Amino acid sequence: MSENIIGYLDKEGRIIDTQSAPENCECKPIAYDNSPEALEIIRHSTAHLMAQAIKELYPSAKFFVGPVVDEGFYYDFRVDEKIGEEDLKRIEKKMKELIKKKYAIEKYTLPRSEALEKFKEDDLKQAVLSRIDSDEVSIYKQGDFEDLCRGPHVPSLRFLHHFKLTRVAGAYLGGDENAEMLTRIYGVAFADKESLKNYLTMLEEAKRRDHRKLGAELGLFMFNEEAGSGLPFWLPKGAKLRYKLEQLLHKAHLDRDYLPVRGPEILKADMWRTSGHYACYGENMYLTEIDEQEYGIKPMNCIGHILIFKQTPKSYRDLPLRFYEYGVVHRHEKSGVLHGLLRVREFTQDDAHIFCRPDQIADEVLQVVEFVDSVMKLFGFEYSMEIATKPDKAIGDDAVWELATDGLKQALKSRNLPYTIDEGGGAFYGPKIDIKITDAIGRKWQCGTVQVDFNLPERFEVEYVAEDNSRRRPVMIHRAILGSFERFIGILTEHYAGEFPFFIAPLQVIVVPIGDAHLAYAEELRSRMRAIGVDAEISSKNESLNKRIRNAEKQRVPYVIVVGDEEVNNRSVAVRNRRTREQYNLSFDQFMVELANQLHEGTI
RNA sequence: GCCGGUGUAGCUCAGCUGGUAGAGCAACUGAUUUGUAAUCAGUAGGUCGGGGGUUCAAGUCCCUUCACCGGCUCCA
């Protein structure tokens with residue numbers, strides 16, 4: 001065995017560790033490096049090493065499972081003591097001590113029945129065994145620590161060096177909300193020091209971009225403890241940013257033949273019974289009573305649009321009919337899931353419902369997908385699409401679901417658009433395409449969604465008159481591009497690290513007059529900029545020039561312009577361009593042209 | 001909702017084993033009128049998240065509640 005080999009890939013592409021490989025295996029060796037296969041082995045073994053360390057520090061610990069996940073690994077276990085962030089350092093230290101002992105990692109197998117007997121005192125191991133079908137199970141042993149495990153593992157602890165335990169968490173046994181909660185520790189591991197360092201740097205970068213931190217620094221939004229959690233307040237800068245986004249998208253909707261509508265915030269509970277929300281979504285709804293009648297605050301906007309559609313008889317000539325609304329919705333999200341602007345209890349969706357004939361579905365879905373594409377490109381997001389199918393809690397026949405799901409698949413296939421399947425992830429009334437965007441530092445977020453719905457039109461007896469004068473049922477396509485303004489602005493803030501593109505920046509230009517003598521000129525510049533719709537402010541407080549420039553830069557304003565004697569005399573500006581990080585001089589008229597061009601970039 | 005953690009001036013934080021609060025920045029006032037990332041000086045700011053308890057004495061200990069943070073489950 002070569003020094004550097006930690007496992008093999010067999011013909012089917014499965015990873016086999018050195019402990020399991022047969023003598024004359026015709027397998028491809030896996031070297032100790034950062035390949036996905038090698039990392040899988042390294043991380044899994046690091047999880048075991050962590051378990052061994054935990055067992056030494058907390059002898060009462062019992063272990064459940066310790067798999068490899070996206071960026072690292074975790075191990076779930078039960079322990080009498082409370083484990084906090086500080087304890088991670090102790091565990092890491094113990095892990096390093098264990099490495100020095102250079103234990104080999106050995107494997108042996110047992111018949112299932114013997115394993116059941118061997119672990120009869122350990123209910124968590126029993127739980128693991130109950131999830132395994134095979135008659136034979138494997139045990140890995142390092143020093144005096146052994147664990148029921150499928151592998152793969154590195155040959156020896158001496159291969160483990162570059163790891164870090166990142167967080168402690170609680171996790172339900174088997175992911176079941178009603179089951180016991182175990183302690184989970186997450187960690188990361190790499191084959192070399194540099195990769196670990198890069199990963200930790202990325203975490204720092206994510207922290208630096210955190211929209212909650214930037215939101216406070218830039219004066220975008222706030223929350224108020226007394227007012228209630230999950231209820232955002234938009235501060236002037238944030239409201240401006242949001243307003244610009246709304247305007248931009250409003251124009252885009254009008255260009256695409258959408259019609260603005262608006263429904264009420266609260267509807268009688270019977271409406272929600274008809275729609276199925278009461279039964280399927282009731283636990284997330286805020287209900288109240290008015291004049292002895294039960295009402296529900298809307299968690300979605302569909303009903304309003306349906307009732308507006310039904311207000312007058314519709315002809316096939318009216319279809320597709322596209323209603324859109326910046327719909328404020330309220331959802332009782334569990335307290336523990338609230339997270340800045342990314343998960344709140346009151347939010348505004350850029351929601352639309354397209355009423356169309358079944359044969360128009362594919363076209364409409366594609367148009368929405370193209371709409372999404374142009375918005376994502378505008379903000380420089382990559383994205384992927386996922387088709388989510390019928391969930392457990394759902395309304396409507398399987399046949400209808402299949403029809404709708406096929407419609408979505410066909411639309412994407414017709415343009416060779418790639419997608420993956422999220423089994424059981426659909427809305428209760430129909431399947432959907434979820435759009436997952438990838439931000440500047442590689443994180444994925446779900447925002448936009450397209451949902452095909454045959455069920456609500458049925459329940460509300462929505463119809464149109466066809467060419468042959470018969471009554472037909474339209475299909476509803478629910479869709480959102482941004483998802484919600486709250487979540488999208490949170491993501492945008494992190495994507496741009498607070499340096500928003502000019503066309504949505506809440507404050508676009510700060511004019512810094514060097515002295516009082518230049519104030520009149522600065523004011524003239526400001527009013528001319530305002531006249532073309534540019535948000536400009538003057539920084540004329542009695543502070544040093546350097547400090548005023550520093551403060552302007554900290555606000556991440558796209559342009560800081562400095563004006564003194566020279567500029568007043570030449571009717572020019574000294575520009576600091578935040579995007580290009582350049583400093584240059586322009587006549588004011590030229591600068592105005594530059595601003596107008598930048599404003600125009602926000603058109604889709 | 002569940003597990004673990006945190007909560008001191010607008011913000012970032014200090015306050016040892018209980019002896020009734022402190023810094024920097026921000027704010028305000030004055031001086032300074034500045035050429036590209038923090039001018040100097042002074043003033044004012046806190047029922048230590050809320051409520052209850054233990055104690056001669058609580059920011060510090062206990063209970064409870066609210067909010068936030070890291071996750072789980074859920075989700076735009």
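A residue is called buried here if its relative accessible area is under 20%, exposed if that area is over 50%, and partly exposed in between, with a 1.4 Å probe and protein chains only taken into account. By this rule C447 is buried, because its relative accessible area is 6%. The model is a predicted one, in which local features need pLDDT of at least 70 and side-chain atom pairs count only at pLDDT 80 or more, while totals for chains, interfaces and linings use all residues. Residues are numbered from 1 along each chain as its sequence is written, chains are lettered from A and ligands numbered from 1 in the order in which they are written, and side-chain values use heavy atoms, with hydrogens and water left out.

Chain A has 604 residues, of which 51% are buried, and its C-alpha trace spans about 80 × 75 × 55 Å along the principal axes. The chain holds 18 helices and 32 strands; both are DSSP runs numbered from the N terminus, helices being H or I runs of at least four residues and strands being E runs of at least two.

The side chain of R167 has an N or O atom 3.3 Å from a phosphate oxygen of RNA strand B, and the side chain of E177 has one 3.0 Å from a sugar or linking oxygen. In the case of E566, a polar backbone atom is 3.1 Å from a base oxygen. Within the protein, the side chains of D76 and R184 are joined by a polar contact of 2.6 Å; D76 is in strand β6 and counts as buried, because its relative accessibility is 2%.

Aromatic rings form another set of contacts. Rings of Phe, Tyr and Trp (its six-membered ring) pair if their centres lie within 6.5 Å, and planes under 30 degrees apart count as stacked, over 60 as edge-to-face and the rest as tilted. The structure holds 20 such pairs. Since the centres of F63 and F77 are 5.8 Å apart and their planes stand at 40°, the pair is tilted. This pair links distant parts of the chain, with F63 in strand β4 (residues 62-63) and F77 in strand β6 (residues 72-78), 14 residues apart, and both F63 and F77 are buried. The pair of F428 and Y429 is edge-to-face, because the ring centres are 5.1 Å apart and the planes are at 75°. Elsewhere, ring pairs link Y258, Y324, Y326, F371 and F485 into a cluster.

The backbone also has features to look for. A cis peptide bond, with omega of about -5°, joins G151 and P152, and P152 is in the loop between β9 (145-148) and β10. Another cis peptide bond joins L319 and P320, with omega of about -5°. K102 is a residue other than glycine with a positive phi, near 50°; K102 is in the loop between α2 (85-100) and β7 (106-111) and counts as exposed, because its relative accessibility is 58%.

Definitions and conventions. A polar contact is a pair of N or O atoms within 3.5 Å; within protein, one must be able to donate a hydrogen and the other to accept it, and residues adjacent in sequence count only if both atoms are side-chain atoms.
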